[in-house]
Amino acid sequence: MRLLVAYLATPGGEDAVALGACLARTLHASLDISLVIPPDKPEAFAATGSYADVLDEAAKEWLDQAAALVPEDVTVRTHVAVDENSADGILKEIDRLDSTMLVVGGSGGGLIGRHSLGSVVNDLLHSSPVPVALAPRGFSRTGPQRVREITAAIGRRPGAEILLDTAVELSAQGQIPLRLMSLVSRDDWPPKLSAEEEQQAVERGMELAGRALDEARSRLPEGTGLDSAVAEGRNIEDAVLTVDWHDGDVIMVGSSRLAAPRKLFLGSTAAKMLRVLAVPMIVVPRQAQS
């Protein structure tokens, strides 16, 4: 596995490096750190031609500082990419480096709870062909060295299968316990349900979690920690907080049904989770259409 960190010399960039190192150590993966710089030259430098050299040297210095944040037990490589569009440059790096997962941090604007989604990250969440791991703000200071447990937020919509497949694969790769969480939010229910109908909705959530648990159990190595949970609440935010979260936890979600095949699209459910959760989130692209 090769994990790619989309780096900026900002606190959000440091959070991404810390999460990348945590995931790489857990999943026995190597780590690439790429920084995208623009090709344009300001008019003030056009005559001397020195702008590109200055920017290239600065980029290399920033990447050296990023690599120094990575523990010695994680293999790391750094790369400078040149592109007019930062998101496009990262997408090209994913292809060039054959990356398995992209890791990003917050970069100002668009604050959602502990996550800060800047314009480049938002672009990547609409276009990445590989899973994207989002580092919460402050992860470089408070994040653990390894992943403790993966929680997969399973559902019935298209894309649920590839989410479970990816969660099982990562759990097996890193020998990490896996928890399968079925969300039951009253926001999704028709109005004026009877008490009996509400109970039936909860039971459907329990049934979904049970089926996913049986499937995961048949595919994971013997001895892998495996559990299921039903998160029930007035809304998504309340529901997701009814289960316990610990340092080292990671939540995995599928892309919105609006996503193109093999592309990401952060859906409303995932966005609501980000408002209240302080753990990293991995968003998985939709499976390609046959």
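Select D238 to begin. D238 is partly exposed, because its relative accessible area is 30%, and partly exposed covers what lies between buried (under 20% relative accessible area) and exposed (over 50%), using a 1.4 Å probe and protein chains only. The model is a predicted one, in which local features need pLDDT of at least 70 and side-chain atom pairs count only at pLDDT 80 or more, while totals for chains, interfaces and linings use all residues. Residues are numbered from 1 along each chain as its sequence is written, and side-chain values use heavy atoms, with hydrogens and water left out.

R234 forms a salt bridge with D238, and the closest N and O atoms are 3.0 Å apart. A salt bridge here is a side-chain nitrogen of Lys or Arg within 4 Å of a carboxyl oxygen of Asp or Glu. Side chains of opposite charge can pair when their charged atoms come close. R234 counts as exposed because its relative accessibility is 54%.

Now select E237, which is in helix α9. Helices are DSSP runs of H or I with at least four residues, strands are runs of E with at least two, and both are numbered from the N terminus. Is E237 buried or exposed? With a relative accessible area of 17%, E237 is buried.

The side chains of E237 and R275 meet in a salt bridge, 3.4 Å from N to O. E237 lies in helix α9 (residues 236-240) and R275 in helix α10 (residues 268-276), so the pair ties together parts that are 38 residues apart in sequence. R275 is partly exposed, with a relative accessible area of 47%. The two side chains also make a polar contact at 3.4 Å. A polar contact is a pair of N or O atoms within 3.5 Å; within protein, one must be able to donate a hydrogen and the other to accept it, and residues adjacent in sequence count only if both atoms are side-chain atoms. Leaving out residues up to four places away in sequence, E237 touches K272, R275 and V276, where contact means heavy atoms within 4.5 Å.

Next, select E149 and R179. How far apart are the closest N and O atoms of this salt bridge? They are 3.8 Å apart. The pair links distant parts of the chain: E149 is in strand β8 (residues 149-154) and R179 in strand β9 (residues 178-185), 30 residues apart. Both E149 and R179 are buried. By the salt-bridge rule, the count comes to 13.

**Helix α7**

Select residues 160-174, which make up helix α7. The expected span of a helix is 1.5 Å times one less than its number of residues. For the 15 residues of α7 this gives 21 Å, and the end C-alpha atoms are 21 Å apart, which agrees. Color the buried residues of α7, among them A160, I162, L163, L164 and T166.

Switch to a cartoon view and show the strands. In what order do the 10 strands of the open sheet run? The order is β3-β2-β1-β4-β7-β12-β11-β8-β9-β10, with mixed pairing; two strands pair if DSSP finds at least two bridges between them. β3 (76-82) and β10 (226-233) are the edge strands, each pairing on one side only. From one strand to the next, the twist averages 25°, where axes are lines fitted to C-alpha atoms (for helices over the stretch in contact) and angles run from 0 to 180 degrees between N-to-C directions.

Within the sheet, select β1 (residues 2-6) and β4 (residues 101-104). These strands run parallel and are joined by three bridges. The bridge partner of L3 in β4 is M101.

Select S34, in strand β2 (residues 30-37). At 0% relative accessibility, S34 counts as buried. The side chain of S34 makes a polar contact with the side chain of E93 at 2.7 Å. Not counting residues up to four places away in sequence, S34 touches residues including L4, Y7, H79 and E93.

Finish at V74, in the loop between α3 (50-68) and β3. V74 is buried, with a relative accessible area of 6%. Which residues does V74 touch, not counting those up to four places away in sequence? They are A21, A24, R25 and L31. V74 and A24 are 50 residues apart in sequence and 6.8 Å apart in space, C-alpha to C-alpha.
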